[in-house]
Protein chains: 2
Amino acid sequence: MSDKVPELSIIGLTGLPEIRQGDDLGALIIEAVGSLGLTFRPGDILIVTQKVVSKAEGRVISLRDVTPSPLANSSAAFLHKDARLVELILREAKRIVRMDRGIVLAETRHGFTCANAGIDRSNLPDQDAAALLPLDPDGSAKAIRGRILSLCQVEVAVLISDTFGRPWRDGLTNVCIGVSGLIPIRDYNEVGDDFGRRLQATIIAVADELAAAGGLVMGKTERIPAVLVRGYPYSKGEGRASMLLRPAEQDLFR
Amino acid sequence: MSDKVPELSIIGLTGLPEIRQGDDLGALIIEAVGSLGLTFRPGDILIVTQKVVSKAEGRVISLRDVTPSPLANSSAAFLHKDARLVELILREAKRIVRMDRGIVLAETRHGFTCANAGIDRSNLPDQDAAALLPLDPDGSAKAIRGRILSLCQVEVAVLISDTFGRPWRDGLTNVCIGVSGLIPIRDYNEVGDDFGRRLQATIIAVADELAAAGGLVMGKTERIPAVLVRGYPYSKGEGRASMLLRPAEQDLFR
């Protein structure tokens, strides 16, 4: 194949152990990369699923320790949900967007609008546990990136991903909730199309497309909690996941 | 690298000519693949951007031929849009979801909810032209797939993609609007997680993740209107893009 053909590859990082609170996730990922016979290269993008980040950061809560408030109890009855889970959702939420048909759609303190304020109960050894989103996913990404820089002397970008639903379309897709070392949006308004017309409304959420691409290899169980994207020419810089959030005044669905 | 490492690659198909009405898009893509020194392999997924499909199928309309209705004229004044474009949007729409702040969000006759009923004006040689969505994007995918099967004797899956916005998150992402040869969603409810818990709400929109992955290589100009995804183990079958649409009764944002 010609060297000129644009090609991107997504490599699943298998072989990570079950992650526990306090684990050095960056070092464990570096180990997994090495044991696959790979090394990080400048320009690589590492995508790590939120669940292992939350585990390493101690954001897994036992529902046995949660006492529901009166609002959590009444909402849970209406929603047919576990009241302790609803209590956690209310605690994690900055704003409830919808509470209907068994669904709590909430805006998290980070500004993400998602089901259950991002709390989920899959892939946890304790059947009574729930994983909350990391407190600062950009910080989580930055910490992993820092470990790779200091232990491997390689500049990579790191994304933290989670699977979110969306209105109108069925099914979840993997999106970006934390970023370090990469500008998560690309603005084609400055580029123009092939015929000199300025492209309108063509800000592309490249970090979400990267997360979605990673999701294809991660699957939904935890056997592949991280992937390496190689060959994507991204804009370096101090991006933040909040750059992927639509300003409230431009949003028709609040 | 070990053969056991899951790896997916996305290859940009450069070298396609400017597409015109009546072009045999399948044959032109086969030619482009060959001129890159590649051949289709069983299990490949070909993703083709809507714009070239619309061009080949004659779905490009000159605004000079469009006479706005009274509703299009009054809406256009309110939205600060070209009344002829608004007229086309109203014609393409089955239902208007929102008309506010310069945005017409409409449900198309296919059932897609998107800005401008999917009409856009970028990457068209005629500055007064607008491209409508294909009438039957699943059929468009099937036709291209059929050409590859008959000319190359290889079974591939074909997706048609377009870039859509979404509430709450800024920027567009590439999504799937037409499919042939692949089941576009994957239901993990039947799988269970690594600890035996049934995964709730874990239907993954794999065709949208594939389209997003393709979008990374396509970019937003038309120099790469198609990509090949290699190494993704998909479920074969007669999928339809409507499988990616949330049933109205489950949607909180109509």
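Chain B can be laid on chain A by a turn of 180 degrees and a shift of 0.0 Å along the axis, with an RMSD of 0.0 Å. The superposition is by least squares on the C-alpha atoms of residues with pLDDT of at least 70 in both copies. The two copies are thus related as by a two-fold rotation axis. The same surface serves both copies, and 100% of the contact residues of chain B recur in chain A.

Some conventions before I go on. This is a predicted model, in which local features need pLDDT of at least 70 and side-chain atom pairs count only at pLDDT 80 or more, while totals for chains, interfaces and linings use all residues. Residues are numbered from 1 along each chain as its sequence is written, and chains are lettered from A and ligands numbered from 1 in the order in which they are written.

Now the interface. How many residues of chain B are in contact with chain A? There are 69 residues of chain B in contact with 70 residues of chain A, where contact means that C-beta atoms, placed from the backbone, lie within 7 Å. Several elements of chain B give two or more residues to this side, including strand 1 (7-12), strand 9 (173-180) and helix 6 (206-218). Helices (H or I, at least four residues) and strands (E, at least two) are DSSP runs, numbered from the N terminus. The largest share, 9 residues, comes from helix 6 of chain B. By residue type, the side of chain B that touches chain A divides into 36 nonpolar, 16 polar and 17 charged. Ala, Val, Leu, Ile, Met, Phe, Trp, Tyr, Cys and Pro count as nonpolar, Asp, Glu, Lys and Arg as charged, and the others, Gly among them, as polar.

Strand 1 of chain A pairs with strand 1 of chain B in the antiparallel sense, over 5 bridges. Two strands pair if DSSP finds at least two bridges between them. In this pairing A:Ile11 stands opposite B:Glu7.

Next, chain A as a whole. Chain A has 6 helices and 12 strands. Its radius of gyration, taken over C-alpha atoms, is 19 Å, close to the 18 Å that the globule rule gives for 254 residues, so chain A is as compact as a globular protein of that length. The rule is 2.2 Å times the number of residues to the power 0.38. Of the 254 residues of chain A, 50% count as buried. A residue is buried if 20 or more other C-beta atoms lie within 10 Å of its own, exposed if 12 or fewer, and partly exposed in between, with C-beta atoms placed from the backbone.

Strand 9 of chain A is mostly covered, with 8 of its 8 residues buried. Strand 9 runs antiparallel to strand 8 (residues 157-164) of chain A, joined by 7 bridges. There A:Phe164 stands opposite A:Thr173.

For contrast, take A:Gly15, in the loop between strand 1 and helix 1 (25-35) of chain A. Leaving out residues up to four places away in sequence, A:Gly15 touches A:Ala32, A:Ser35 and A:Leu36.

Last, a sheet in chain B. An open sheet of 3 strands has the order 4-5-6, with antiparallel pairing. Strand 4 and strand 6 of chain B each have a single partner strand, so one side of each is left without a neighbour in the sheet. Strand 4 and strand 5 of chain B pair over 6 bridges, and B:Ala93 has B:Thr108 as its bridge partner.

Note on methods. Two residues are in contact if their C-beta atoms, placed from the backbone, lie within 7 Å.
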